[in-house]
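Here is my note on the model you sent. Please read it with the coordinates open.

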Amino acid sequence: MILLAITQGIGFDPQAWRGVLTSGVDAFLIREKGLSARALLEAARWCQDTAPGVELWIGGRLDVALAVGCGLHAPEAHPEVGPGLVPLSRPLHGEEQWAGRSVVEQLLVAPIFATPGKTAPWGPQRLHRFLDGLPGSGPRILALGGVDPLNARPLQHPRLAGFAAIRPFWSGDPAGAVARFRGQ
């Protein structure tokens with residue numbers, strides 16, 4: 001199971017980021033719209049130095065992703081990115097988006113559960129119906145949006161690679177959250 005931690009969007013805090021990066025997560029998405037390109041680049045390089053085994057993604061900044069050699073998470077309004085330029089992640093908010101996004105490396109299906117400021121949640125049944133209809137190969141699919149260690153179990157499905165989250169990893173005990181997600 002892949003666990004992707006997403007930054008909180010409140011700036012670069014090396015102490016907090018170190019705790020999450022070294023907690024046992026598999027991947028880390030820097031989603032910090034308030035950071036300048038230079039600050040984001042420095043934060044990304046710091047992440048690579050601090051946790052070289054953790055897969056790194058940059059939210060919305062192709063220039064930074066290219067500069068550090070990591071993946072790009074392109075949000076809804078992001079311009080299209082040509083294939084093969086960088087590993088590409090996209091959100092998937094509705095089943096109708098599958099055809100246009102099935103060629104990326106990673107899809108974040110969201111929101112699964114009620115999340116402040118987001119659209120109506122998918123819920124486990126809709127997620128499973130969607131996953132049941134997919135081919136066995138294709139992008140890695142992670143569930144996002146209100147997912148925590150307590151409600152993740154009913155989401156498990158052979159086509160679901162894991163979970164992406166913010167709150168569980170930033171609320172005091174990131175290693176504990178990883179252990180709970182993994183059922184330890």
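This is a predicted model: local features need pLDDT of at least 70, side-chain atom pairs count only at pLDDT 80 or more; totals for chains, interfaces and linings use all residues.

1. **Secondary structure and overall size.** The protein chain contains seven helices and eight strands. Its radius of gyration is 16 Å, close to the 16 Å that the globule rule gives for 184 residues, so the chain is as compact as a globular protein of that length. The C-alpha trace spans about 40 × 40 × 30 Å along its principal axes.

2. **Burial and surface.** Of the 184 residues in the protein chain, 49% are buried. The cut-off for burial is under 20% relative accessible area. The chain exposes about 8,800 Å². Carbon and sulfur atoms supply 55% of that area.

3. **Contact range.** Take the contacts between residues at least 6 apart in sequence. Of these, 52% join residues at least 24 apart.

4. **Largest pocket.** The largest pocket holds about 700 Å³ of space. Its lining counts 31 residues, and Ile6, Arg31, Lys118, Leu144 and Ile166 are the closest to its centre. Which elements give two or more residues to this lining? They are β8 (162-165) and α6 (167-170). By class, the lining has 16 nonpolar, eight polar and seven charged residues. Start here when you inspect the model.

5. **Second largest pocket.** This pocket holds about 200 Å³ of space. It is lined by 13 residues. Val81, Pro83, Leu88, Val103 and Val104 lie nearest its centre. Both β5 (88-92) and α4 (98-101) supply at least two residues of the lining. The lining divides into six nonpolar, three polar and four charged residues.

6. How many cavities of 30 Å³ or more does a search of the whole structure find? It finds one. The volume of this largest cavity is about 30 Å³.

7. **Cavity lining.** Pro149, Ala152, Arg153, Gln156, Phe163, Arg180 and Phe181 line the largest cavity. By class, four residues of this lining are nonpolar, one is polar and two are charged.

8. **To look at together.** For the largest pocket, begin from the residues closest to its centre, among them Ile6 and Arg31.

Key: Residues are numbered from 1 along each chain as its sequence is written. Side-chain values use heavy atoms; hydrogens and water are left out. On a 1 Å grid over the protein atoms alone, a cavity is a set of points where a 1.4 Å probe fits but cannot get out, and a pocket is an open set with protein on both sides within 12 Å along at least five of seven lines; lining residues have an atom within 4 Å of a point. Grid points are joined across faces, edges and corners, and a volume is the space filled by probe spheres set on the points. Ala, Val, Leu, Ile, Met, Phe, Trp, Tyr, Cys and Pro count as nonpolar, Asp, Glu, Lys and Arg as charged, and the others, Gly among them, as polar. Helices (H or I, at least four residues) and strands (E, at least two) are DSSP runs, numbered from the N terminus. The radius of gyration is taken over C-alpha atoms; the globule rule is 2.2 Å times the number of residues to the power 0.38. Buried means under 20% relative accessible area, exposed over 50%, partly exposed in between (1.4 Å probe, protein chains only). Contact means heavy atoms within 4.5 Å. Accessible areas come from the Shrake-Rupley method with a 1.4 Å probe; for residues, only the protein chains shown count as cover.
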